[in-house]
Amino acid sequence: MKGVYFIVFILCTIIHSNALPASSFTEMDAKIDIEENIHKLEKYRNEELQLYHSTKNNYYLFNVKYIEAATAGRKNNSNERIRLLNWICENGKNDTSFQVAWANYHLAAMLTYVNSPKLSQIYSFKVLQTAKKGGFPQLLPFAYGSIAANYYKESKFKQALVFYRKVLALRKESGLQYASMLNNIALCYLNLENYPQAYLYFKRSLEIMKKVKNKDTYHFDFFIIVQGNLGTAYDRLGKYKQAIDLLQKELDYYFQKEERYISAVAPLIELLNLYDREHDQSNIDQILHKITLVDSRITDGKSYPLLTEALFNYYTKKGNQSKAFVVSKRLFEKQKAYSLYVIRESEKLNEILYSDKLRYLREESKSQHELLHLALKEKRNSQILAISVITVLVLASFFGIYYFQSKKKNEKKDSFIQEQSKQLEINKNIILQNEIRLQEEKITNLVLNLN
């Protein structure tokens, strides 16, 4: 149970990485990551928008949407942040750049944060695919960490352990990130009931944190969390005194400020069980008072009523039917409110994620329809052209054949006439020769007669 709260914490802190690649997009990411002034974020956004209008380069448009997503995050509008990150992922669907992969990573982290590990896993594996194919090894620890967190959320602790070890192998053996992976591995072992290994990894994580210099709020919060987790490991190992000591320190830290009360849920429940096991009624009464106090602060229906359920189970176990009955009514109302909240948020999330998907598919379908229409039009034009060419060729062939046949016929006719003319000349010569011969005979006969 404590692991759930810790994973959320790590997802929020791992984004503040000192291993970002040197590119203008991640420079932008680093710039807006530390910027709390919303007006300055809007200024950055307008600058990128102007660059987009002047260049028509989607790179700047993605930056605009990314800054808008960061602004939504500053305003605690998780749904709007998810919508804007999803817009980048959908419109950059065929883009294998670091820019789009980084947006996929943030979307995966947000989906894990809102308890949608199965959906988150889709985007986490996209990041992993881009990291390997696109040549971005610096993305690997983020991809592995996100995949591991989703497996952990789904209680698939063996698979989570594999990917947390992959992250550990890529981290420096110092600092918050390395310590966090040791803690995550310890949580996997804790849930796999390998308590000695869990104990060893929690201890290693704390030792690294003690060596970190210039600690900030994240470091102090994380140290307290791991210390409480070590207390849980002591509890599982049967070392109740050490467990109570560390869990009580964790609880006292959370009760220093009212805004931290929500983080006290896990140690309160564990301490209630430990003090009950030790029959320490004085401390049991103190814990019950604090549980009632924290439980009364959680009224928005966004969290599962773990503390109300713990009170109900405790009073039922002790046979205090009157108090169990009172708490049961409150538990029923809170469970109903939580169920309605989950249903409502799931519907919103589906609408956010799939509205852009449907829009993208509609645009893609329209584009494909237009391409098909153009292709059919070109095909029809090609067919008409082909028919025209064939018709011209057929007509040309017909006229060619007619021309050659006419020419041949005329040549034959001319040849016949020439032959007839020649024959006529020959006949004329024969007749002339016959006439000459006849005249010669007449002259001869005349001479003979004269003689």
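Helix 13 (residues 240-254) comprises 15 residues and reaches 21 Å from its first C-alpha to its last, close to the 21 Å expected at 1.5 Å a residue; the expected span is 1.5 Å times one less than the number of residues. Helices are DSSP runs (H or I, at least four residues) numbered from the N terminus. Among the buried residues of helix 13 are Leu246, Leu247, Tyr253 and Tyr254, where buried means under 20% relative accessible area, exposed over 50%, and partly exposed in between (1.4 Å probe, protein chains only).

The model is predicted: local features need pLDDT of at least 70, side-chain atom pairs count only at pLDDT 80 or more, and totals for chains, interfaces and linings use all residues. Residues are numbered from 1 along each chain as its sequence is written, and side-chain values use heavy atoms, without hydrogens or water.

Helix 5 is mostly covered, with 10 of its 14 residues buried; Trp87 and Cys89 are among them.

The structure holds 13 salt bridges, each a side-chain nitrogen of Lys or Arg within 4 Å of a carboxyl oxygen of Asp or Glu.

| Pair | N to O distance |
|---|---|
| Glu68 and Arg45 | 2.9 Å |
| Glu80 and Arg83 | 2.8 Å |
| Lys317 and Asp276 | 2.9 Å |

Lys317 lies in helix 16 (residues 306-318) and Asp276 in helix 14 (residues 265-277), 41 residues apart. Lys317 is exposed at 62% relative accessible area, whereas Asp276 is buried at 8%.

Notes: Helices (H or I, at least four residues) and strands (E, at least two) are DSSP runs, numbered from the N terminus.
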